[in-house]
Amino acid sequence: MKKILLLGAGFSRTWGRWLASEVMGELCGRLQDRPWLVEMLQKMHNFEAVYGARGDAAQDPRNDQAQEDMVLLTRAIEQTFADMNDAFASLSSIELSTFQERSVPT
């Protein structure tokens with residue numbers, strides 16, 4: 001039988017890692033020299049939506065600002081999640097036995 005681990009919001013908090021709101025704070029900090037991106041992140045509360053909106057705008061080859069925003073936003077996201085991955089990698093172990101196993105209908 002195949003087992004699938006479904007993770008929800010707050011999963012990383014168990015090991016002292018960031019919640020989604022803290023990831024947003026990290027992104028805002030990394031993008032502080034781009035106040036319009038920070039404002040979009042704060043208004044949309046969703047970095048994926050901001051990424052999609054700026055990506056759509058960057059499709060216009062004349063929109064240099066949107067293209068530069070995409071480079072900076074991509075870098076900020078990659079760096080933030082690299083930091084999160086490094087934090088998990090530094091743990092000696094991740095014990096999942098305390099989580100309740102539930103069947104999901106297929």
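Modeller: Helices (H or I, at least four residues) and strands (E, at least two) are DSSP runs, numbered from the N terminus. This is a predicted model: local features need pLDDT of at least 70, side-chain atom pairs count only at pLDDT 80 or more, and totals for chains, interfaces and linings use all residues. Residues are numbered from 1 along each chain as its sequence is written, and side-chain values use heavy atoms, with hydrogens and water left out.

Biologist: How many helices and how many strands does the protein have?

Modeller: Read along the sequence, the pattern is α-α-α-α. The count is zero strands and four helices.

Biologist: What share of the residues counts as buried?

Modeller: Buried means under 20% relative accessible area, exposed over 50%, and partly exposed in between (1.4 Å probe, protein chains only). The protein has 106 residues. The buried share is 26%.

Biologist: How are α3 and α4 oriented to each other?

Modeller: Axes are lines fitted to C-alpha atoms, for helices over the stretch in contact, and angles run from 0 to 180 degrees between N-to-C directions. The axes of α3 (residues 47-58) and α4 (residues 64-89) come within 8 Å and cross at roughly 150°. Angles under 35 degrees count as roughly parallel, over 145 as roughly antiparallel, 65 to 115 as roughly perpendicular and the rest as oblique. The two helices are therefore roughly antiparallel.

Biologist: Is the crossing of α3 and α4 left-handed or right-handed?

Modeller: A crossing is left-handed if the near helix is turned anticlockwise from the far one by less than a right angle, and right-handed if clockwise. For α3 and α4, the crossing is left-handed.

Biologist: Which classes of residue make up the contact of α3 with α4?

Modeller: Contact means heavy atoms within 4.5 Å. Residues of α3 including Phe 47, Val 50 and Tyr 51 meet residues of α4, among them Met 70, Leu 73 and Ile 77. Ala, Val, Leu, Ile, Met, Phe, Trp, Tyr, Cys and Pro count as nonpolar, Asp, Glu, Lys and Arg as charged, and the others, Gly among them, as polar. The contact divides into two charged, four polar and ten nonpolar residues.

Biologist: How does α2 lie relative to α3?

Modeller: Helix α2 (residues 35-44) packs on α3 with the axes 8 Å apart, at an angle of about 130°. That makes the pair oblique.

Biologist: Which residues of α2 meet α3?

Modeller: On the α3 side are Phe 47, Ala 49, Val 50, Ala 53 and Arg 54. By class, this contact has eight nonpolar, no polar and one charged residues. The α2 residues are Leu 37, Met 40, Leu 41 and Met 44.

Biologist: What is the phi of His 45?

Modeller: His 45 is found in the loop between α2 and α3. His 45 is exposed, with a relative accessible area of 65%. Most residues other than glycine have a negative phi. For His 45, phi is positive, near 55°.

Biologist: What separates the C-alpha atoms of Arg 17 and Met 84?

Modeller: Arg 17 is found in the segment before α1 (20-30). Arg 17 is buried, with a relative accessible area of 16%. Arg 17 and Met 84 are 67 residues apart along the chain, and their C-alpha atoms are separated by 7.3 Å.
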